[in-house]
Protein chains: 2
Amino acid sequence: MENPSLGGWQALPSWLLTQTAAHAHRLVAEGFAAVQARGYHYRLLATLEELGPASQATLGRSSGIHLSDMVATINELADAGLVERAPDPTDRRRNVISLTPAGKRRLRRLEKRLATTQDELLAPLSPEERRQLTDLLAKLLDHHNRSAGGSPISRG
Amino acid sequence: MENPSLGGWQALPSWLLTQTAAHAHRLVAEGFAAVQARGYHYRLLATLEELGPASQATLGRSSGIHLSDMVATINELADAGLVERAPDPTDRRRNVISLTPAGKRRLRRLEKRLATTQDELLAPLSPEERRQLTDLLAKLLDHHNRSAGGSPISRG
DNA sequence: AACGGATCGTTCGGGGCACTAACGTTCGTG
DNA sequence: CACGAACGTTAGTGCCCCGAACGATCCGTT
């Protein structure tokens, strides 16, 4: 009676999503780790390129990275010379974080890495299916970014 | 040069997937936390119902929960009277974990909770879209469970 | 019967990600 | 000036995933 390949419970979307996400997360993390990076690094660098120089609070709101995690993330990136942290002359509470040329090169590298990972992740899907998946996920993400406050973008 | 609007990086499947997964993870975790549970609890109880009484190692292999995390998870569930841990008379290395009636009721409750969470998660999608998403994710999950060794299921 | 390899359960620790609490500093505004 | 708000920082929590190590037990071989 017991089906060795599929039980009832593992067909639940939440199970599928969390498990797939776990795989995706692992693949992405492994890809980043292979170049001594973490997800936060990419997210911060990408957001930084999108916004230009900005304060930590602004970056946190835009990237969805918690303020308290921003500190460590920026520390790491700054230690590696990928971003620069300078006091804002117009507001002494703020630091202005900016992307260095090395940081930009780093970002390009991480993007390439990520593209590779995605091919790996989406290997079993046809181009059409990949487009479908992207659309569906985008719809979900948009919805939840709207309702739940933590919107990564479009909240400037 | 720069991508002023929201063109580039946040359309990447990996970004969409990890972000969506983050939302899914949060929703699921919140749903479970509302009844003092964690994802591991559900996964273990569900696996236990699927397999029947089994050793911790077997449960770990089938549920994808790391052996070292199994200990704490079973401790918690056993403290709550949801599972029973008894020494295996035929192999003194092993414990036989079994589901109590209370554990079964608990599982039913968590399943209901999960169903609610899924409605919340998939709210913006039509039934047809939900089916599409489920199919795509199942395909991805199956692929990666096959290739990557750490398959949560179908490894008996 | 003794040995060696494998399995099982357990403890400890760490990494990544998301989040809370608290604190001192600085900025605006009343 | 005083007050509340925003900013950056530190410290700590929780969940999930993973690895290292260890004692106890089982099993196949000798």
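**View 1. Confidence along chain A of the predicted model.** Among the elements of chain A, α1(A) has the lowest mean pLDDT, 80, and strand β2 (residues 95-99) of chain A has the highest, 97. pLDDT is the predictor's confidence in each residue, from 0 to 100. Helices (H or I, at least four residues) and strands (E, at least two) are DSSP runs, numbered from the N terminus. Chain A has a mean pLDDT of 84, and 86% of its residues reach 70 or more. Residues 1-6 of chain A stay under 50, with 4 contacts beyond four places in sequence. Residues 148-156 of chain A are also below 50, with 15 contacts beyond near neighbours in sequence. A contact means heavy atoms within 4.5 Å. Where pLDDT is low, the predicted coordinates should not be read in detail.

**View 2. The protein surface near DNA strand D.** A residue is near the strand if one of its heavy atoms lies within 4 Å of it. Of the 23 residues around DNA strand D, A:Arg26, A:Gln56, A:Ala57, B:Ser68 and B:Arg92 come nearest. The residues of this surface divide into 4 nonpolar, 8 polar and 11 charged. Here Ala, Val, Leu, Ile, Met, Phe, Trp, Tyr, Cys and Pro count as nonpolar, Asp, Glu, Lys and Arg as charged, and the others, Gly among them, as polar.

**View 3. Side chains at phosphate, base and sugar of DNA strand D.** A polar side-chain atom of A:Gln56 lies 2.7 Å from a phosphate oxygen of DNA strand D. An N or O atom in the side chain of B:Asp69 is 3.3 Å from a base nitrogen of DNA strand D. For B:Arg93, a polar side-chain atom lies 3.5 Å from a sugar or linking oxygen of DNA strand D. The elements giving two or more residues to the surface near DNA strand D are α3 (56-63) and α4 (67-79) of chain A, with α2 (39-51) and α4 (67-79) of chain B.

**View 4. A:Gln36 in its loop.** A:Gln36 sits in the loop between α1 and α2 (39-51) of chain A. Its phi is near 55 degrees, a positive value in a residue other than glycine. A:Gln36 counts as exposed because its relative accessibility is 65%; exposed means over 50% relative accessible area (1.4 Å probe, protein chains only).

**Notes.** Residues are numbered from 1 along each chain as its sequence is written, and chains are lettered from A and ligands numbered from 1 in the order in which they are written. In this predicted model, local features need pLDDT of at least 70, side-chain atom pairs count only at pLDDT 80 or more, and totals for chains, interfaces and linings use all residues; side-chain values use heavy atoms, with hydrogens and water left out.

Methods. Polar contact = N/O pair within 3.5 Å; in protein donor to acceptor, adjacent residues only side chain to side chain. Buried < 20%, exposed > 50% of the residue type's maximum accessible area, 1.4 Å probe, protein only.
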